[in-house]
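Reader: Could you take me on a close look at the aromatic rings in this model, and at how they sit beside the rest of the fold? I would like the cut-offs along the way, please.

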Amino acid sequence: LLAFQKLAEDAAISTAYDLAYALDKIYWAKFIDTMTPDPHALAFVKKCALLKVPTCIVTDMTAGIQIRKILRLGIAPYITNLVTSEEVGAEKPDGRMFKKAAGKLGVGIENCLMLGDSFEKDVLGARAVGMIAHQIILSEEKNIFD
């Protein structure tokens, strides 16, 4: 939203915020409409649910968008909790994000495993508070979820 607002302001469009909001809605509608779950990631969260392993998404994305993504991907039945930067008041790698996740899951931080795509934000942030953490690099050749 802020990127669209900056573009509109730089173009000297009056009520840039209004255009930015409209463009943001179009962008996210299309983005979410075309999303598909990675089959290996989907199998992983399903297996966690089957084994009664609680899961939590920890994200810097806004709650509204993240919830729409969860619903679109069909993973809502397998995700126990959601922690957003909006809720915590900080973004990853801030340790409060990971501590909040452990708290929601009801387990000690040392009993959590963080899987994330950003080494700096996800892995280093989680490890800094004592969580086990690994970076996920998705590719067609490698299935890290088996």
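Author: From the N terminus on, the elements run α-α-α-β-α-β-α-α-β-α-β, which comes to 7 helices and 4 strands. Helices here are DSSP runs of H or I with at least four residues, strands are runs of E with at least two, and both are numbered from the N terminus. This is a predicted model, where local features need pLDDT of at least 70, side-chain atom pairs count only at pLDDT 80 or more, and totals for chains, interfaces and linings use all residues. Residues are numbered from 1 along each chain as its sequence is written, and side-chain values use heavy atoms, with hydrogens and water left out.

Now to the rings you asked about. A search of the whole structure turns up 4 aromatic pairs; rings of Phe, Tyr and Trp (its six-membered ring) pair if their centres lie within 6.5 Å, and planes under 30 degrees apart count as stacked, over 60 as edge-to-face and the rest as tilted. One of these pairs is phenylalanine 4 with tyrosine 27: the centres are 6.2 Å apart and the planes stand at 65°, so the pair is edge-to-face. Because phenylalanine 4 lies in helix H1 (residues 2–10) and tyrosine 27 in helix H2 (residues 16–33), the pair ties together parts that are 23 residues apart in sequence. Phenylalanine 4 counts as partly exposed at 22% relative accessibility, and tyrosine 27 also counts as partly exposed, at 38%. For these labels, buried means under 20% relative accessible area, exposed over 50%, and partly exposed in between (1.4 Å probe, protein chains only).

Tryptophan 28 and phenylalanine 31 make another edge-to-face pair, with 5.1 Å from centre to centre and 70° between the planes. Both lie in helix H2, 3 residues apart, about one turn of the helix. Tryptophan 28 is buried, with a relative accessible area of 11%, whereas phenylalanine 31 is partly exposed at 33%. Taken together, ring pairs link Phe4, Tyr27, Trp28 and Phe31 into a cluster.

The buried residues of H4 are Ile65, Gln66, Lys69, Ile70 and Leu73. They cover an arc of only 140° around the axis, so they are on the same side of H4; the arc is that of the directions from the helix axis to the C-beta atoms. Their cover includes H2, E1 and strand E2 (81–84). Just after H4, glycine 74 takes a positive phi of about 75°.

Valine 58 touches Val83, Lys92, Met97, Phe98 and Ala101, leaving aside residues up to four places away in sequence; contact means heavy atoms within 4.5 Å.
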